[in-house]
Amino acid sequence: MQEQFGQQNRSFEFTGRGWEYFKIWIVNLLLTILTLGIYSAWAKVRRLQYFYRNTRLDGASFDYHGLPKAILKGRIIAVGLLIAYNASFQISPILGIVVAVLLALVMPWLLMRSLQFKLYNSSYRGLRFGFAGDKRDAYRAFLMYPVLAAISVYLLAPLAHQRIKQYQFDNSRFGSTAFKLHATAKSFYLLYLSALAVLIGTGLLVFALAIMSGTGGGVKGLNPLFIALAPFILFAVFMVLGSVFGAYMQNLVWGNTELGPHHFYSHVSARRLLWVGVTNFIGILLTFGLFIPFAAIRMTRLKLEAMGLAVDGDLSGFIADQQLQATAAGEEAAEMFDVDISF
Amino acid sequence: MSTSPSDAVPQVAAAYYDGHTAASRAVTLSIDGGDLLLQGGTVELRWPLHEVRISERLGNTPRLISHPGDGHCEVNDQAGLDKLLAQTGAGRSWLDAMQHSLPWALAALVLIVVSVAAAYRYALPWGAENLAMRLPGSVLQKMGDSTLETLDRFMLKPSKLDAARQQALSEAYARLTPPADAQLKYRIVFRSAPDVGANAFALPDGSIVMLDELVELTQDDNEIIAVLAHERGHIERRHAMRMVLQSSAVGLALAWYVGDVSSLLATAPAIIMQAKYSRDMEREADDYAAQTLQANGLSPCLLADILDKLEAAHRKAQQEEEKQAPAEPGKRNVAMDYLASHPATQERRRLLCAE
């Protein structure tokens, strides 16, 4: 990395600890069960606050300000939509399709509002983040490109993915400073094609092994051991490929993101992502889920601590978004950013 | 006023952010009367304590102290802040205490297990029964139709039973009193399924799928009527719908816990095929069958007779299968055992032939 004058790499630090979070998680789980799910909104706020406040950059921590009631409202909407979707298909397939189309039409708007909610309710060094994306671009990113991807038999899927990321990042703000994503559609295509090549290659290799170790006679003579093991092989392949793809995607996106004069870097290791992913999975399985909080801490630490910000000068130069600041104080904000459908 | 030694007036180091810029300023916090003082460099602020918002303790994360419109402080020194706040008499909330104690975490774990078990054992069947008994006929029809459609596509074959026997059984079933509940369609759907073996099962809409393999077990149509009466017991009490609702609820809870929501109602055919009714449900259906048979001048013992034959048939099928393919991996015995979840046949005979 080229070291410029006055530029310093500041890594994200994550100070969350497994046992500490376990205690918070289990109390949240109990209260969620006893309140038949209503407390889950409050639990989400505590969970995010725990993770945000344990995330530090240059000595300062992040914070989350979402109001549980807004989250509860969002969850009621999400559950309602899910029930409407499932029930409509039970009543009639035509009604089901109508509801599915309606859902597809409102989804971009809901996603946009969720991004607004999430970013507006995040802060660092006393400044709020923000999201300036408009409706038209939301419909392009979350509806038009996915539809194009689907009708092009997913030839345009990497492009769609890049456009979605671009919509999310380019419209994000820290105070009044904009984020900027430089990752191109071409780089997304390269990543997707490599993954596809590895997937096909692995598939062919496993198939060849199954035929060679079988009784001969082509497909009919496949080694029964391979047929029995097929789900496990498939699971292993997706676990490995998922980790590698996930790592490269994080590095691609965050390694090409700028915030004003500063730029992010990300060097998460695919090998470690795989290790943490596999051990988390086994841990959760063996403990009937009690390992979930530990798994979350481990994964977050791995992903965050591999990232950082190459700071140009120092970080005190950011200023608040005046418009946001004005509404933030009033009650208007509560009404403006009232939906969060993400879980 | 002179600055006193640090042990006299508790002070805590903090970073102050004004909310307008990202600049961080080191300050010390202290309490002066009813106010919180922030001092350091160019910062000199006095916040009335009752207007100050102090974030709750959350693990070892920094505490945030804010004053609306005036920015906030980040405090990393938990112990120091606790000492400082002790002066103000502010106590900890019960939730705060719970979230940070290992005994409470373990108690919460026990309470979770107990409440989940109680919900599964009592609340779930109760809720499913209440909902199932209130569902309109149209919903039951839809469920019944889609279930039969799926079963027909994957497991069931057309019946080879001759039309006269089908007709005779259908008519005998139609004569069975008490008469049909208007919400449901009472009918027998004749099918064959050699892989499944002798079986009959009720669909949510009131249809009973009767497999040739069961009909062929006996020459006595009254024994078939006894099975139909038992299945009608399941129908009257909406057992199939209750099972679908229960496992949907379990699926939903699991999906939420594991964090992966997948299709739920798609599992309905599998649930009905497995027909793992609870023992209580089987007893309800047996009681219903006994009453129905008596009301129609038939002996409840008939059900016990056909159950014996079923048990014998399944045992034989199982033995044959084991002989043909001794424990071949990959091919499991797919015959769902009509008797597996049923109370022991001996016990049922005793209850059915009691009078």
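Before we look at anything, one idea: axes here are lines fitted to C-alpha atoms, for helices over the stretch in contact, and angles run from 0 to 180 degrees between N-to-C directions. Keep that in mind, and hello everyone! What I'm showing you is a predicted model.

In chain A, helices α1(A) and α2(A) pack at an angle of about 170°, and their axes are 9 Å apart. Angles over 145 degrees count as roughly antiparallel, so α1(A) is roughly antiparallel to α2(A). Who makes the contact? From α1(A) we have Tyr21(A), Ile24(A), Asn28(A), Leu31(A) and Thr32(A), and from α2(A) come Ser40(A), Ala43(A), Arg46(A), Arg47(A) and Tyr50(A). Sorted by class, this contact has 5 nonpolar, 3 polar and 2 charged residues.

How many residues of chain A are in contact with chain B? The count is 39 residues of chain A, against 38 residues of chain B. On the chain A side, the elements giving two or more residues are α1 (18–34), α2 (40–53), β4 (60–64), α3 (68–91) and α8 (224–254). Our friend α1(A) supplies the largest share, 11 residues. By class, that side of chain A has 21 nonpolar, 11 polar and 7 charged residues.

Next, the sheet in chain A. Have a look at the structure and follow the strands across: there are 11, in an open sheet with the order β1-β11-β10-β9-β8-β7-β6-β5-β4-β3-β2, and the pairing is antiparallel. Which strands sit at the edges? They are β1 (7–11) and β2 (13–14) of chain A, each pairing on one side only. For one example of a pair, take β8 (residues 177–181) and β9 (residues 257–259) of chain A, which are antiparallel over 3 bridges. There, Leu181(A) has Thr257(A) in β9(A) as its bridge partner.

Helix α2(A) lies across β3 (55–57), β4 and β5 (122–124) of chain A, and runs at about 165° to β4(A). Helix α4 (residues 93–120) of chain A packs on the sheet as well, touching β5, β6 (127–131) and β7 (172–174) of chain A, and its direction makes about 170° with that of β6(A).

Over to chain B, where we can walk through two hairpins. Strand β2 (residues 25–32) and strand β3 (residues 35–40) of chain B run antiparallel and are joined by 5 bridges. In that pair, Thr28(B) has Gln39(B) as its bridge partner. The hairpin they form has 2 residues between the strands, and Gly33(B) in the turn has a positive phi of about 60°. Then β3(B) pairs with β4 (residues 43–48) of chain B, antiparallel over 6 bridges. Between β3(B) and β4(B) there are again 2 residues, and Gly41(B) in this turn has a positive phi of about 60°.

Chain B also has an open sheet of 4 strands, ordered β8-β9-β11-β10, with mixed pairing. Its edge strands are β8 (157–158) and β10 (200–202). Inside it, β9 (residues 187–192) and β11 (residues 207–211) of chain B pair in the parallel sense over 5 bridges, and Ile188(B) stands opposite Ile208(B).

Last, a word on confidence. Chain A averages a pLDDT of 85, and 89% of its residues score at least 70. Over residues 325–339 of chain A, though, pLDDT stays under 50. Where pLDDT is low, the predicted coordinates should not be read in detail.

Definitions and conventions
Residues numbered from 1 in each chain as written. Chains lettered and ligands numbered in written order. Predicted model: local features only at pLDDT ≥ 70, side-chain atom pairs only at ≥ 80, totals over all residues. Contact = placed C-beta atoms within 7 Å. Nonpolar A, V, L, I, M, F, W, Y, C, P; charged D, E, K, R; others polar. Parallel < 35°, antiparallel > 145°, perpendicular 65-115°, else oblique. Pairing = 2+ DSSP bridges. pLDDT = per-residue confidence, 0-100.
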